[in-house]
Every structure is written in C-alpha cells, then in structure tokens.
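Okay, everyone, thanks for coming. Let me put the structure up on the screen, and then I'll walk you through a few spots I've been looking at.

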Amino acid sequence: MIKVATFALACFVAVSAGSVKLQTPTEELVMKQPATAPEDQVYHHTRGSEFYHPKGHTKHEDYHSHLPQEYTEKHELPTNFNWGNINGRSMLTKPLNQHIPQYCGSCWAHGAMSSFADRIKIARDAKGSDINLAIQFILNCGTDVAGSCHGGSHTGAYNFVKNYAKHIPYDTCLQYEACSAESTEGTCKDRDFTCTGANTCRTCSTFTAYGGFCSEVDRYPNATIAEYGNVVGEYNMMAEIYRRGPIACGIDASPVDNYKGGIVDNTSAKSINHIISVVGWGVDKKTDTPYWIVRNSWGEYWGEMGYFRVKRGENQLAIESSCAWATPGTWTEMNFPCYEDGSNCVSHKKYEDPSKKYHKDE
Ligand SMILES: *[C@@H]1O[C@H](CO)[C@@H](O)[C@H](O)[C@H]1NC(C)=O
Ligand SMILES: *[C@@H]1O[C@H](CO)[C@@H](O)[C@H](O)[C@H]1NC(C)=O
C-alpha cells in the first residue's frame, strides 16, 4: 500500500529513449514514436532510481559567458534572497501541476521550463502578462533528447529547446495535457502526442457541428534559449540564482512526499528521482537554520502553496548536487496577428491528392 502511494508521487528523472530521429517543428510533421515505452524506460525508474539522461541528450552544457560563480564573492550574497519577493514584487511565473489531468513524470520539464520562464520575466522586469512556456510541446517533440511522462532531464530539456527545436511556443499555443506518446494513462490513451504541427501550436475554429476544425498554427509567440549549463554546490548555486534567476535541481523527493510545511531537515536522501526549481534562500530567525526556497510542480494544495523549504548547505535531498540553468535568447513581445481559425498563419499546407475528392472507393 505504501509502495503504491510512493510510486504515485514519484517523478521519473530518468529514461533512455529509442533512437528516433528528431525533427525541428518547423519541418513537416510526423515523428514516429513507439506506441508504448520501451520496457527499460517504464519499469526501472521507480523511486531510488539513478539519474539518467535520454540517449539523444549528448550536450549537457552549451555556453560561453562567464558564470556568476566566477565573478560573485560570497560576501556579495545577501542573507535572504527570494525571486518571489523582490521589494514586494514577485518575479516568478505561475505555479504548475505536472500530475493532472493524470499522472505524468514530467517534473524535469516543469522544473527546467518554469525556472527558464522566470528568467524571461526577470529580464522583462515583470512587465506585461507573464510568458509561460508550452511544456506539452517538449513532451510531444522532445522525447529523445529531453524526456517524456516516463522521465527525462533538466539539461535535456534545455538541449532540446536550444539545439533541436530552436524555440519553444508560449503555453497559449498548446495546453499541458500530462501526456506523451508512450503514455496510456487516463486521457492519453489512443490519442496522438507525436510531434505534428498541431501538436506544436494549434487553434480550433468553432464547433464541429458548425463545420469547425482544429488547425496547426505555424507563426506564434515563442522564446529561445541563449546558453545553458550546470551548477553544483551551495555558493555556486546562490551566485547563479542571485545574478541570473531560478535554477532547476534534482532531488530525492521521498522525504517531501508528505511534507506539511516548515524547513525540511532530513539526511536520508539516496538518489535523485525528481526535479524542482530553486528560487531563493534564507536563514530562519528563530533557529538560525539556513534554507533553500523551492518551487515544486505538484499544485498549490501541496506544501507551502506549492513551495517547500529545505535546510541549505548540507546537500540535503541531494539538492546541491545536480542543478541546471538556462538564459533567455529572444522572446516574442509583438505577435503576428493570426485569425481565429489560424488560416493566415498556416504555412505548412499538406498536399492533398485529388483522388480523395473524386474517387470514392466504397
Ligand atoms: C518566433 O518568434 C519570432 C519573434 O519573436 C518570430 O520571428 C518567429 O517567426 C517565431 N517562430 C515561429 C515558429 O513562429
Ligand atoms: C526522512 O525521509 C524518509 C523518507 O525518505 C522518512 O522515512 C524519514 O522518516 C524521514 N526522517 C525524518 C527525520 O523526518
């Protein structure tokens, strides 16, 4: 019974996907993916699993700029720092829930993309509507490099967005559905989550009873990644967060499954099975305990409105051992105005053989 409950909250941070060739979503459709996950992908990645990267994820960092840890002295770091409260303003994007409408082990995409979206918000000084990114796009198109509902990695997500897709749509293009092509959970069953145009960005014109249809949209607001890399260790992480924004880190989530608030102090971590986003730090006034401020992706009914705090400086939960960062390249501030049915934004017209129209088989 306990086993099942633990499993249900686990986020697989792992996976070795098949050897399917990747397409950029600007190319024409159809990335064939296995109907079910390879066995090694599904069954071996329960709690306590090792941290694995998908086979297609070969570039674990890609940057040339100097790192904050190279130009930030310890004494420059404040005692308390939280991107959720910069002079009373939050520089963070909305909390997320990876587990609805059904269970999906996509923590790696949530941790990676929410901390990246925060950095876009920081770069915009929180002006305008928040830019939230389409995590479902990574699940549809990035399986081999980034991961799926059966696990993945934070640097894999950055590798995919920077070097393969070369962009990521905003989430008003593509809703999070907690599905990837190999998942048969809940609403995922028998539906198409392959990398098609409509699974990159779409619109629907009206009810089908009135002749409505859903169409891909090929011109849409999107963001790009300039650089990405790894960061480990308390002070390096603090310098990175302070200078450039939140980061995505691996943890052993077992000690926080039933978290009820406060500062976690638990040295039982074994191995990384979950990815979250670290958005700041502090020191508890009463106990003098240093802690991290962490955003999870299990909804706001979990933890402290979706966040938790954990003791800092002891690599608890393994939180100081595998973090990743990405910096924004470009993002859309002014869209190309698409019609409601998307018809003026479709560039990938598919050839329709005339036989379809004139030759009736039946
Ligand atoms: C991404 O956004 C840029 C502008 O920010 C635009 O020029 C480009 O066409 C967009 N890409 C797609 C695939 O729509
Ligand atoms: C630490 O977490 C483990 C679960 O990984 C739990 O069994 C244990 O009771 C926790 N210890 C403390 C001191 O809370």
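So, let's start in the strands: strand 8, residues 247-251, and strand 13, residues 323-331, run antiparallel and are joined by two bridges. In that pairing, Cys-249 sits opposite Cys-323 of strand 13. Before I go on, keep in mind that this is a predicted model.

Strand 8 has another partner as well. It's strand 10, residues 274-283, also antiparallel to strand 8, and here there are five bridges. On that side, Ile-247 stands opposite Val-278 in strand 10.

Now, how buried is strand 8 itself? Five of its five residues are buried, so the strand is largely enclosed by the rest of the structure. As for directions, in a regular strand the side chains alternate between the two faces of the sheet. Here, Ile-247, Cys-249 and Ile-251 point one way from strand 8, while Ala-248 and Gly-250 point the other way, and all of them are buried.

Let me zoom out for a second. Across the protein chain we've got eight helices and 13 strands. There are 362 residues in the chain, and 44% of them are buried. And if you take the contacts between residues at least 6 apart in sequence, 75% join residues at least 24 apart.

Okay, on to the helices. Which way do helix 4 and helix 6 cross, left-handed or right-handed? The crossing is right-handed. Helix 4 is residues 107-123, helix 6 is residues 154-165, and their axes come within 8 Å, crossing at roughly 65°. From helix 4, the contact uses Trp-108, Ala-109, Gly-111, Ala-112 and Met-113, and from helix 6 it uses His-154, Ala-157 and Tyr-158. By type, the residues of that contact split into six nonpolar, two polar and no charged.

Last stop, the ligands. Ligand 1 has seven residues around it, and the closest are Arg-219, Tyr-220, Asn-222, Thr-330 and Thr-332. The shell around ligand 1 comes out as one nonpolar, five polar and one charged.

And what surrounds ligand 2? That would be Ser-254, Pro-255, Asn-266 and Ser-268. Its shell has one nonpolar residue, three polar and no charged.

That's my tour, so let's go to your questions.

Definitions and conventions. Residues numbered from 1 in each chain as written. Chains lettered and ligands numbered in written order. Predicted model: local features only at pLDDT ≥ 70, side-chain atom pairs only at ≥ 80, totals over all residues. Helix = DSSP H or I, 4+ residues; strand = E, 2+ residues; numbered from the N terminus. Buried ≥ 20, exposed ≤ 12 C-beta atoms within 10 Å, placed from the backbone. Contact = placed C-beta atoms within 7 Å. Axes fitted to C-alpha atoms, helices over the stretch in contact; angles between N-to-C directions. Left-handed = near helix turned anticlockwise from the far one by under 90°. Nonpolar A, V, L, I, M, F, W, Y, C, P; charged D, E, K, R; others polar. Pairing = 2+ DSSP bridges. Near = placed C-beta within 6 Å.
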